[in-house]
Structures are given as structure tokens and as C-alpha cells.
Amino acid sequence: MVGFTIVNESGEDGQGRGLLLYNGQTVCDDYFSDNSAMAICRLMGYDEFDSWTNGQGLMGYDGFDSWTNGNLFDIQANLEIGLDDVDCSAGSWASCTSTTSQNCDHNEDIHLICVSEAGGFTIVNEAGEDGQGRGLLLYNGQTVCDDYFSDNSAMAICGLMGYDGFDSWKTDGI
């Protein structure tokens with residue numbers, strides 16, 4: 001199995017959004033495309049990708065938490081670049097070629113947002129980390145409005161996320 005993971009700026013599980021790693025090393029943007037992003041997200045068990053960028057610019061919007069244009073995560077300097085030339089002709093890993101020989105700098109590292117099988121829903125704690133099923137509900141990284149939200153909504157979303165049900169929900173903070 002190919003060892004792709006996504007980490008946040010602290011090097012912890014990024015919950016599908018952040019710095020892309022391959023066997024603990026960064027991935028360079030040479031030949032990287034939407035097909036590459038789709039193939040890697042699917043390989044990691046996500047349905048698709050939302051967006052991707054390299055270490056110097058943004059493709060679409062700043063959806064990468066505290067990462068901003070032109071800045072690198074502090075952890076990047078301590079990592080090797082482990083994969084380059086990820087060239088995919090379709091959205092499956094079988095269509096991809098790549099090499100572990102590289103000619104890159106960390107400003108070419110890939111940052112990626114994958115959309116989970118839960119239809120883009122996640123629950124985060126006050127620190128923005130995995131809330132373990134308790135905390136603020138996000139949809140594709142953005143908050144969810146409570147207009148028309150009900151117990152049925154909570155049950156359906158929790159079911160999508162793999163939970164048997166829900167304990168409670170409220171609209172005022174975590």
C-alpha cells in the first residue's frame with residue numbers, strides 16, 4: 001500500500017486537509033494536476049479532492065487553515081522531499097507515474113484538501129483538530145448554519161460520518 005498521509009502545520013493528522021506526505025516525506029508539485037489530487041485522495045479513502053496548491057501559491061482560495069500564501073509549515077524544513085513527477089492521466093492511482101528522485105525545493109510541496117466519504121462533513125474541537133465526534137460541525141471546512149437544522153439532520157449527518165446516532169446538538173459554541 002502506498003503511504004500517503006495529510007498533516008497539519010504541527011505534523012499531526014490533518015483530517016484530509018494540509019501538507020501531503022508520502023512515506024513521511026513531502027510531495028513535489030512537478031506534473032501534479034487535478035487528476036493527481038483525485039487519485040491520491042481516492043487512494044486514501046476519500047471520495048474526491050476539494051483543492052490543492054503548492055508551497056508558494058493558492059489555487060482557488062485560502063482553505064488551508066493558518067497556512068497562507070508564500071509561507072511554509074515549520075515542519076517542512078525538517079522533512080525530505082520523497083516523491084516527484086506525480087503524473088496521472090485519470091483520477092485513479094493506477095493511471096499515475098512518479099519518481100522518488102527529485103529536483104525540488106519545499107516551496108513546491110503539495111498542500112491538499114480531500115473530501116471525506118461523509119460528504120465533506122467533519123467535527124472539530126476548539127483547536128480545530130478532530131473532535132472525536134464532539135464539537136463544531138464543518139462542511140468542506142466551513143461552519144454549518146442552524147437554519148432548519150433538526151434532530152433528523154443530526155442523525156443523517158452522523159450516519160454519513162459512520163456514527164450510529166447522535167447524543168445532542170446545540171447552536172451556541174462547543
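Author: A polar contact is a pair of N or O atoms within 3.5 Å. This cut-off applies below to a predicted model.

Reader: What makes Ser150 a cap for the N-terminal end of helix 2?

Author: A side-chain oxygen of Ser150 lies 3.2 Å from the backbone nitrogen of Asn152. The limit is 3.5 Å.

Reader: Which residues of helix 2 are buried?

Author: In helix 2, residues 151-160, they are Ala154, Ile157 and Cys158.

Reader: How do you know that they are on the same side of helix 2?

Author: They cover an arc of only 100° around the axis, which puts them on the same side. A general rule fits here. An α-helix has 3.6 residues a turn, so residues three or four places apart point the same way.

Reader: What do the buried residues of helix 2 pack against?

Author: They pack against strand 8 (121-124) and strand 9 (136-139). Just after helix 2, Gly162 takes a positive phi of about 95°.

Reader: Which residues have the most contacts inside the largest nonpolar core?

Author: Leu20, Val27, Phe32 and Leu112 do, in a core of 20 residues. Helix 1 gives the most to this core, with five residues. Another core lies apart from it and has six residues, among them Ile123, Leu137, Phe149 and Ala154.

Reader: Why is Phe4 called buried?

Author: Its relative accessible area is 6%. Buried means under 20%. Phe4 is therefore buried.

Reader: Why is the pair of Phe4 and Trp93 called edge-to-face?

Author: Their ring centres are 5.2 Å apart, and their planes stand at 75°. Rings pair within 6.5 Å, and planes over 60 degrees apart count as edge-to-face.

Reader: What parts does the pair of Phe4 and Trp93 tie together?

Author: Phe4 lies in strand 1, and Trp93 in the loop between strand 5 and strand 6 (96-99). The pair therefore ties together parts that are 89 residues apart in sequence. Ring pairs also link Phe4, Tyr22 and Trp93 into a cluster.

Reader: What makes Phe149 and Trp169 an edge-to-face pair?

Author: Their ring centres are 4.9 Å apart and their planes at 70°. The limits are within 6.5 Å and over 60 degrees, so the pair is edge-to-face.

Reader: Is Trp169 buried, partly exposed or exposed, and how do you know?

Author: Trp169 has a relative accessible area of 33%. Buried is under 20% and exposed over 50%. The value falls in between, so Trp169 is partly exposed.

How values were computed:
Residues are numbered from 1 along each chain as its sequence is written. This is a predicted model: local features need pLDDT of at least 70, side-chain atom pairs count only at pLDDT 80 or more; totals for chains, interfaces and linings use all residues. Side-chain values use heavy atoms; hydrogens and water are left out. Buried means under 20% relative accessible area, exposed over 50%, partly exposed in between (1.4 Å probe, protein chains only). Helices (H or I, at least four residues) and strands (E, at least two) are DSSP runs, numbered from the N terminus. The arc is that of the directions from the helix axis to the C-beta atoms. Contact means heavy atoms within 4.5 Å. A polar contact is a pair of N or O atoms within 3.5 Å; within protein, one must be able to donate a hydrogen and the other to accept it, and residues adjacent in sequence count only if both atoms are side-chain atoms. A nonpolar core is a set of buried Ala, Val, Leu, Ile, Met, Phe, Trp, Tyr and Cys residues joined through side-chain atoms within 4.5 Å. Rings of Phe, Tyr and Trp (its six-membered ring) pair if their centres lie within 6.5 Å; planes under 30 degrees apart count as stacked, over 60 as edge-to-face and the rest as tilted.
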